[in-house]
Amino acid sequence: MVRSCEQGIPAWVAVGTLLFLIHSVTVRGAALKQEVPLDSGATVLNHSMSMVQRMESLLALGNSSDVTLRVQTINTDEVKVIQAHSLVLTLQSEVFEELLLNRNNSYLLLRETPDCAAVFDKFIRYLYCGDISVRLDQAVSLHKLASKYRVWGLQQGLTQFMTQHLSSDSPTGHVIGWYNYALQMGDMVLRDSCLQYLSWNLSSVFQSAEWSSISEDLLFSLLQRSDLILQSELELYEALEAWISQNQPVSSTVESALKAVRYGMIPPHHLFRLQKQSPLMQKHYESIRDLLYLAFQFHSASPIQLAKFFDVNCSIFTPRNYLSTSWGSPWVINNPTRDDRSFSFQTQLGPSGHDSSKRVTWNALFSPRWLPLSARSTYTELGAMQPTRTDGGRPRIIVTPATSSPDFAGVSFQKTVMVMARQQGKIVVRHVYNFHQSTEEAGDFLVDADLQRRASEYLIDSSLYLHIVIKPLYHTLLVARK
């Protein structure tokens, strides 16, 4: 029997009031400290951690519990019993509030899937203590519970956890599973984060165990994208071949997938090899014969001649972001805040076999504290330089061809700068910036980066890891023949 704090107040009200006070201090402590102004010279005594421990003990011991949660695993006789407190549940979840108002017994029967039932005690503990430990394989189950019971803070926190752990290692992979779950739940933030990670780190996904589990819809979504980052189009074909072999989709799906490969980006000698050695290509050759024929024409004629007769703006002639040396170069900038740096590299003029021997030299300039002309130092009437602040400068990168050439006719160059980062011990693409020949630079390049901080997410061991890709884009010069 619990004594009341005042004569005439029922014991259960006293317990409820105590729970409310404890909960307010622990879960909303930060907000409370902001709302109550301190007297001049006052000192804050913060005992919130001991309060959290008391709340945890309250749940574990079931003291003064007024409701029993019976968590039944669907399609089994397994039932987990948790002694809980109505006030805590209703403060944290409007769904629990409604269930408790409409109950006819001293218990609530909750039916959950096996994965959710396994983590239900973790979920309830969060309602009492405001913190939770999460493993990769528990994230979806906890997210389901947070969504079902409308615990929005936990739901948002789990979405953030998942977006920050896309690169973590797991035995069977988790990014594709998280993408499918986000699609099902309508969590657009998580969906877009997963899709971006897959697109920017596709080569590592190819090597993972989860590549074979990718759905047809997600596969076609990736195949249509021009911002995929991978070693080469040949790598994409070989990965597609492995996926088809593993999943054995219907013939129409196979042919649609094969038609999404950009054969013009595969060198002719590799196309010849695939025609002779790829069982998949041999089996479905008729469905892609016209695409292969167009690719060989692309490789045998100059782009200017080809543009007179064909639409060269179609996807077969549009490169993705390839990491092989023909398309660009990595650039590691040590101590990037120190001073300006320059770097030269060569790429092929274009992917056409006709241009395979032609090279373009590119000059890249990186400035850690570039200032626009309006903010730079000026001279006074006496010739003295008027100093200006440099802390307002921002990083800038410019990539330009070393020389001009008649071979550039009908071609523009898109430049893609990738910024690498280390996440969970793995090197991944963290940011991507695109700009074109006319602009010469990325206006938002590293605009939010703090390169001074050694632990910056933009740096690896105090160095800036970039990879520059040059993508030639062809333009139709004349109207096709009538």
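Predicted model: local features only at pLDDT ≥ 70, side-chain atom pairs only at ≥ 80, totals over all residues.
Local features were taken at pLDDT of at least 70 and side-chain atom pairs at pLDDT 80 or more, whereas totals for chains, interfaces and linings use all residues. Residues are numbered from 1 along each chain as its sequence is written, and side-chain values use heavy atoms, with hydrogens and water left out.

A nonpolar core is a set of buried Ala, Val, Leu, Ile, Met, Phe, Trp, Tyr and Cys residues joined through side-chain atoms within 4.5 Å; buried means under 20% relative accessible area with a 1.4 Å probe, protein chains only. The largest such core has 95 residues, and Tyr263 and Leu446 have the most contacts inside it. Helix H14 (residues 233–247) contributes the most, with 7 residues. Helices (H or I, at least four residues) and strands (E, at least two) are DSSP runs numbered from the N terminus. Another core, of 33 residues, lies apart and includes Leu69 and Phe120.

Strand S1 (residues 67–73) has 6 of its 7 residues buried, so S1 is largely enclosed by the rest of the structure. Strands pair if DSSP finds at least two bridges between them. S1 pairs antiparallel with strand S2 (residues 79–84) over 6 bridges, with Val67 partnered by Ala84 in S2. S1 also pairs with strand S3 (residues 107–112), in the parallel sense and over 6 bridges; here Leu69 stands opposite Leu108.

A separate paragraph concerns the open sheet. Its 4 strands follow the order S6-S14-S12-S13 with antiparallel pairing. Strands S6 (328–334) and S13 (426–436) form the edges, each pairing on one side only. Strand S12 (residues 411–423) is joined to S13 by 10 bridges, and Met418 stands opposite Val432 in S13.

Definitions and conventions:
Buried < 20%, exposed > 50% of the residue type's maximum accessible area, 1.4 Å probe, protein only.
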